Amino acid sequence: MKKHATAYSSGFTLIELVMVLILIGVLSSLGIGLLISPGGYSASVARDQFVSTALLAQKHALAAGPSTRISLSFGPSDEGFTFTVTRHFEDEPSIVVAERTVDASGLSVDPRSLSLDYGSTGGLSSSSGKGVTFTSESTHQACISSLGFPYTGSCQ
């Protein structure tokens, strides 16, 4: 009695290899579109930088004490759009605590510039929140509540 030897091949068929190449081609063509047009992300990046810088300003205001004023300002600059946190002392010159700049090409911001003061409790000196809208290919909003807490979305 003869035993039948079955040969199993380990590898990929031509159809499997062609399908993988087609999938890689489709995925890479979609990915290239994201890299070619980064303008769609500039509003989102600017909003996130604004919220991050506002949170930093609030933390400095909470740590600074009542005799020191913390301000957050932003506006256009030579390099793009700049967010600045400044510490103002009563009897000494002010110092810049943090400064962040984002690329402003294709980006519009409403309001174009703004300066906010934080109190020693971390809240805004004004009684109402402030909203900012960042627009490029898409629109993104951020808000700082009257309590000084920054968040993404519109002010209610």
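These legends describe close-up views of a predicted model. Local features need pLDDT of at least 70, side-chain atom pairs count only at pLDDT 80 or more, and totals for chains, interfaces and linings use all residues. Residues are numbered from 1 along each chain as its sequence is written, and side-chain values use heavy atoms, without hydrogens or water.

**View A. The largest nonpolar core holds 26 residues.** Such a core is a set of buried Ala, Val, Leu, Ile, Met, Phe, Trp, Tyr and Cys residues joined through side-chain atoms within 4.5 Å. Buried means under 20% relative accessible area, exposed over 50%, partly exposed in between (1.4 Å probe, protein chains only). Phe50, Leu72, Tyr118, Phe134 and Ile144 touch the most other members. Elements giving two or more residues include helix H2 (39-64), strand E1 (69-76) and strand E7 (139-144). H2 supplies the largest share, 8 residues. Helices (H or I, at least four residues) and strands (E, at least two) are DSSP runs, numbered from the N terminus.

**View B. Phe50 and its contacts.** Contact means heavy atoms within 4.5 Å. Not counting residues up to four places away in sequence, Phe50 touches Leu72, Phe74, Phe83, Val132, Phe134, Ala142 and Ile144.

**View C. Four strands form an open antiparallel sheet, E4-E6-E7-E8.** Strands pair if DSSP finds at least two bridges between them. E4 (108-110) and E8 (150-152) are the edges; each has a single partner strand, so one side of each lacks a neighbour in the sheet.

**View D. E7 meets E8.** The two strands run antiparallel, joined by 3 bridges. Ile144 stands opposite Pro150 in E8. Ser145 lies in the loop between E7 and E8. Its relative accessibility is 18%, so Ser145 counts as buried. Beyond neighbours within four places in sequence, Ser145 contacts Leu124, Gly129 and Tyr151.
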